[in-house]
Amino acid sequence: MNDDVRLKLIKIRNEKIAHRDELLEMKMRADGAKGVGDHIDIDGMIAHEQLAIDNLSDAIARLT
């Protein structure tokens, strides 16, 4: 049971990491373009994803 939950959490964490990486790429592209991304809080979204990744990592560590 714990192995199934752990594997699902690992999958979700990997998806969050991929999403965070996409946001970082978007931020780098937006930094090069003037006026793009002013209405979107990319830094806040990145921070939110990183917090989720950290929490998932903690949960995975507790299940091992």
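Is aspartate 3 buried or exposed? Aspartate 3 is exposed, because its relative accessible area is 52%, where exposed means over 50%, buried under 20% and partly exposed in between, computed with a 1.4 Å probe and protein chains only. The legends below describe a predicted model, in which local features need pLDDT of at least 70 and side-chain atom pairs count only at pLDDT 80 or more, while totals for chains, interfaces and linings use all residues. Residues are numbered from 1 along each chain as its sequence is written, and side-chain values use heavy atoms, with hydrogens and water left out.

**Figure 1. The whole chain contains two helices and zero strands.** Helices (H or I, at least four residues) and strands (E, at least two) are DSSP runs, numbered from the N terminus. Along the principal axes, the C-alpha atoms fill a box of roughly 50 × 15 × 15 Å. The radius of gyration of the chain is 15 Å, whereas a compact globule of 64 residues would have one near 11 Å; the radius is taken over C-alpha atoms, and the globule rule is 2.2 Å times the number of residues to the power 0.38. Of the 64 residues, 19% are buried. Contacts (heavy atoms within 4.5 Å) between residues at least 6 apart in sequence join residues at least 24 apart in 74% of cases.

**Figure 2. Asparagine 2 and aspartate 3 belong to helix α1.** Helix α1 spans residues 2-32. Asparagine 2 counts as partly exposed because its relative accessibility is 44%. Although asparagine 2 and isoleucine 60 are 58 residues apart in sequence, their C-alpha atoms are 9.6 Å apart in space. For aspartate 3 and isoleucine 53, a sequence separation of 50 residues goes with a C-alpha to C-alpha distance of 19 Å.

**Figure 3. Arginine 20 is a buried residue of helix α1.** Arginine 20 is classed as buried because its relative accessible area is 17%. Its side chain forms a polar contact of 3.2 Å with the side chain of aspartate 21. A polar contact is a pair of N or O atoms within 3.5 Å; within protein, one must be able to donate a hydrogen and the other to accept it, and residues adjacent in sequence count only if both atoms are side-chain atoms. Leaving aside residues up to four places away in sequence, arginine 20 touches Ile46, Glu49, Gln50 and Ile53.

Figure 4. Glutamate 49 is buried because its relative accessible area is 7%.

Figure 5. With a relative accessible area of 27%, glutamine 50 is partly exposed. Glutamine 50 and lysine 16 are 34 residues apart in sequence, and their C-alpha atoms lie 8.0 Å apart in space. Gln50 is also among the residues that arginine 20 touches.
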